Each structure stands twice: as C-alpha cells, then as structure tokens.
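Hello,

Please find the structure we discussed below. My notes on it follow.

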Amino acid sequence: MSVYKDGNIRIYSAIDIADFIVRKCDDLGFGISNLKLQKILYFVQAEFLVSLKKACFEEEIEAWDFGPVVPEVYRKYRVYGGANIPVCFKHNTNELIEKEDGELIEEIIQECNKYSAVDLVGITHSQKPWKDAYKKGENRIITKESIKSYFEGE
C-alpha cells in the first residue's frame, strides 16, 4: 500500500489507472475496447476495496446500460467506439503506479482477459451493485460501499 509522507494512503486517478491498463494490455498482447476497460476498472476498484481496504481511484463508477462505467474514462476513450484503444499517450503510467498495485491490477487484467467485453457486461449485470444502482437513463452512482460489501460477501 502506498503512503505519502504525510501518512495519507495513495489513491490514483481513474485516468491514470485506465492508461496503465491500456498500456499493460498492449504489453501483454491483448486488445482492449472502452467497454472492456470499463469493466476492468470496476473489478480493479472492487479488488482494491476488499484486499487493500482502500479505493484505487476516487472517481465514481456509474450504472449505465452496458454495466459499470467511469464517465471521465469513457469520455477520454469514446472516440475509439468499439475498437481497441491504441497506446498513444505520452506519459508512462507504469512509473506512476506503485509496483505492488501494478501487479494486482495485472492479475485482474489477466483474469478479465478470459472473457469478452459482452461476457463482462453480463457478469456485472448479474451483480448486486449494478442491479441496485441501475435505473434506465439515470446513470446512477454505484457506491464504493456497495461494491466492497458485495465482493466481501462472495
């Protein structure tokens, strides 16, 4: 767990985590669409909340028609539609993410890569955090508390 000199726990931005995931997928030879990226972000947040007892990123996750979405990340990558996101950003997020955090994120990427984006949508649609938050057309927040509570109970 990363701790700043003032004793606070390090929490990343969702954009930095998304960039890390895109770059890591490229390094591993996987393509990743915005849809799949959104689901991986959701599972990363869940793993950090349960395993490390902290959020990975502060931005909220919303319940959209196709599952959990971090709006800021969606907007950044929506230009690619359903295509794979190319690695085209200048900064290397590998340097921003603590080694242990990066290893945990890579484990989640590896696990999620076993499934298509559509499969991951189905998985998240079957889970209580999305089901409880979702209301068509409202993009309601899936709280960190609901994610943590659900995944602790599994």
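A word on angles before the packing: axes are lines fitted to C-alpha atoms, for helices over the stretch in contact, and angles run from 0 to 180 degrees between N-to-C directions. Contact means heavy atoms within 4.5 Å. With that in hand, take helix H2, residues 34-52. Helix H2 lies across E1 and E2 and runs at about 80 degrees to E2. Please bear in mind that this is a predicted model.

Now the overall layout. The chain has seven helices and three strands. Along the sequence the pattern reads α-α-β-β-α-α-α-α-β-α.

Next, the sheet. What is the strand order? The three strands form an open sheet, ordered E2-E1-E3, with antiparallel pairing. Strand E2 (67-69) and strand E3 (140-142) are the edge strands, and each pairs on one side only. Neighbouring strands of this sheet are turned by 50 degrees against each other on average, direction ignored.

Strand E1 covers residues 61-64. Three bridges join E1 to E3, and the two run antiparallel. Which residue in E3 is the bridge partner of Glu62? The partner is Ile141.

The chain has 154 residues, and 44% of them are buried. Of the contacts between residues at least 6 apart in sequence, 75% join residues at least 24 apart. The chain exposes about 8000 Å². Carbon and sulfur atoms supply 50% of that area.

Best wishes

Conventions
Residues numbered from 1 in each chain as written. Predicted model: local features only at pLDDT ≥ 70, side-chain atom pairs only at ≥ 80, totals over all residues. Heavy atoms only, no water. Helix = DSSP H or I, 4+ residues; strand = E, 2+ residues; numbered from the N terminus. Buried < 20%, exposed > 50% of the residue type's maximum accessible area, 1.4 Å probe, protein only. Areas by Shrake-Rupley, 256 points an atom, 1.4 Å probe, with all protein chains shown as cover. Pairing = 2+ DSSP bridges.
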